[in-house]
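Please look over the following structure, then read the notes on its salt bridges, helix packing and surface.

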Amino acid sequence: GPVAILAQAILAQVSRLALLALAPCADHSPGPIPMITTPVGAASAEAGSIGLDEDPTVCMCALRSRHGTRLFASRHLLLSLCISLNAIAASGDEGVGSPQLPRHHDPLAPDREVCSRSASDPGWARLCGWLEDHCRASGMENVFAGSFSHGGASVRGVGVTKAFARHDLVICLPKTCWMTPGVESERIRNLTTDEAGALLPGCGSDEQLALHIAEEAAKGDASEWAPYFAIMPQDVDYAAFHPSYLKHESIPGHTNYWDGWMVGLPRCYEHYKGRAGDAALPFNKIYLAMVWLITRRYGDVSMVPLADMANTEPDALLNVAAAYNDTAMSNFCLHAKRDMAEGEEILVDYGGSSHHPLMMFGLYGFAFSPGDHAAMGQENGVSKAEACSGLTPEEVAIWPDDDDPLMRNYRRFAATHCSNITEDASPNARLDRLENDLRETKASLHEADELARRYKTIIAATIAVGLCLLWFSAMYYLLPLTAGHTEVAFAEKKNDGDAVGNADADAADSAKLGEPAVPGGDNTLRRRAK
């Protein structure tokens, strides 16, 4: 029927749109946004200066707070600066950020301090006190901030204060402490939706949350989230190593995923600025908040203080995993994946094995050795040669020499992951890949058509059953009405017959008595009286 045909057409279009969404990207288009179910690159260092030695193989990692206190940088700032910028100049096959890379000692790596409001570092003590009072977090006594060895370097991170057995909960943070979609202020919702409550063009849940985060951070100590925002890296820190702040024209556009991830933010910001007027924050504050959100989120939970301070390593070294410990999924926890020893560093999965190196580098500003990642280009459905377009040794050689630390980071990534691409760069290899993609696409289309046919059969059967039920319902209600009309007609006919009979009887009686019958009159009483 028409409904089944329409349903089949809709299913066919949906399946084709899904295939397009997974299709390889164009040479200069941003890659698809990955489905991130693990914390993706977090750092916790207040804005300050980053001291980098002129020798690109030396990293001082001197992150200092404006208040002169030691703060606890993890993930991006120290793991990225001390790993990525400390790549070996002479070694082209060592992975950027792999444990084998020589990393220099972090002069600001803290001593072991349990997460407590009585900690000696003011920033750490303030954060831990806030986690206890505002978040009602549990397990903080199980966590300490300290320095850990990564390839010979001392890097800041968080560890466990006691031994844990497999599946034991290390820390838990309830939903009140998640910076997640839905916590936006009424002001942000009003600035990003129309009169009917629909989101304005360019504004999605991430854009709304980024605006909310930026406005909360701008409140300073007046914000209830101030202890958390106080340890966040600032744009000057990211600009030293992170691809989200890439502005160099020498880097090919297709390697910068941030153009795609940020595509809606400028448009949403225009709506926000137009409605907020002078009260609107500058765009760079909103952009920074979006970088925080994308690089620190745990899937749908998004930003979780303390949990997002853990570092990462290749899969074989990971020791904790994220989980809920209640059926309402309102308490986010890190639990031990294996037995953990006292003093061991907490290492969470950033998705290293599922991301190819360029995706990992784009998200966090560092990548592991090639063997610790998916094949280069795999997430985009392209070859290594295509993924490394613009990053080959010959192309990197013509980049202008400058002292930009972010460019040095790109150079080292290119030398590690894009120096050997001849094995799949031939036209025949490319043709084979295209033919394989075509076969897979045809197979997917065939499966979609089969599914559409099944749905067509189900819909047709449903319509037939519905029509039958409609017919039986009609009969159920119409037959009694028809029967009622028949009985009334029969009764009326019977009454007419009785009336005629009475009239004939009256006429006969009147004739016997010699009296005229009264036409239309009632002679019954007279007849009975006689």
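The report below covers selected features of this predicted model.

Across the whole structure, a search finds 11 salt bridges. One of them pairs Arg 112 with Glu 342, with the closest N and O atoms 3.4 Å apart. Arg 112 sits in the loop between helix H2 (76–84) and strand E3 (113–114), while Glu 342 sits in the loop between strand E8 (331–336) and helix H11 (357–364), so the bridge ties together parts that are 230 residues apart in sequence. The two partners fall into separate accessibility classes: Arg 112 counts as partly exposed because its relative accessibility is 44%, and Glu 342 counts as exposed because its value is 54%, the cut-off for exposed being over 50%.

A further salt bridge joins Asp 221 and Arg 126, whose side chains meet at 2.9 Å, N to O. Here the link runs from the loop between H5 and helix H6 (226–229), which holds Asp 221, to helix H3, which holds Arg 126, and the two residues are 95 apart in the chain. Asp 221 is exposed, with a relative accessible area of 65%. Arg 126 is partly exposed at 37%.

Arg 117 belongs to the loop between E3 and helix H3 (122–133), Glu 132 belongs to helix H3 itself, and 15 residues separate them. Both are partly exposed: Arg 117 has a relative accessible area of 44%, and Glu 132 has one of 39%.

In general terms, side chains of opposite charge can pair when their charged atoms come close.

Is H11 mostly covered or mostly open? It is mostly covered, as 8 of its 8 residues are buried. The buried residues are Pro 357, Leu 358, Met 359, Met 360, Phe 361, Gly 362, Leu 363 and Tyr 364. Gly 365 follows the helix, and its phi is positive, near 85 degrees.

The axis of H11 comes within 11 Å of the axis of helix H14 (residues 405–417), and the two cross at roughly 165 degrees. This angle makes H11 roughly antiparallel to H14, because angles over 145 degrees are counted that way. The crossing of H11 past H14 is right-handed.

## The H5 and H10 crossing

Helix H5 (residues 205–218) and helix H10 (residues 283–296) have axes that come within 8 Å and cross at roughly 115 degrees. H5 is therefore roughly perpendicular to H10. H5 passes H10 in a right-handed crossing.

## A nonpolar patch on the surface

Leu 451, Tyr 455 and Ile 458 make a nonpolar surface patch of about 280 Å². Of these residues, Ile 458 is found in helix H15 (residues 427–513). Ile 458 counts as exposed because its relative accessibility is 51%, and the cut-off for that class is over 50%.

Terms used. Residues numbered from 1 in each chain as written. Predicted model: local features only at pLDDT ≥ 70, side-chain atom pairs only at ≥ 80, totals over all residues. Heavy atoms only, no water. Patch = residues over 30% accessible without salt bridge, like charges linked within 9 Å, V, L, I, M, F, W, Y side chains within 5 Å. Areas by Shrake-Rupley, 256 points an atom, 1.4 Å probe, with all protein chains shown as cover. Salt bridge = Lys/Arg side-chain N within 4 Å of Asp/Glu carboxyl O. Helix = DSSP H or I, 4+ residues; strand = E, 2+ residues; numbered from the N terminus. Buried < 20%, exposed > 50% of the residue type's maximum accessible area, 1.4 Å probe, protein only. Axes fitted to C-alpha atoms, helices over the stretch in contact; angles between N-to-C directions. Parallel < 35°, antiparallel > 145°, perpendicular 65-115°, else oblique. Left-handed = near helix turned anticlockwise from the far one by under 90°.
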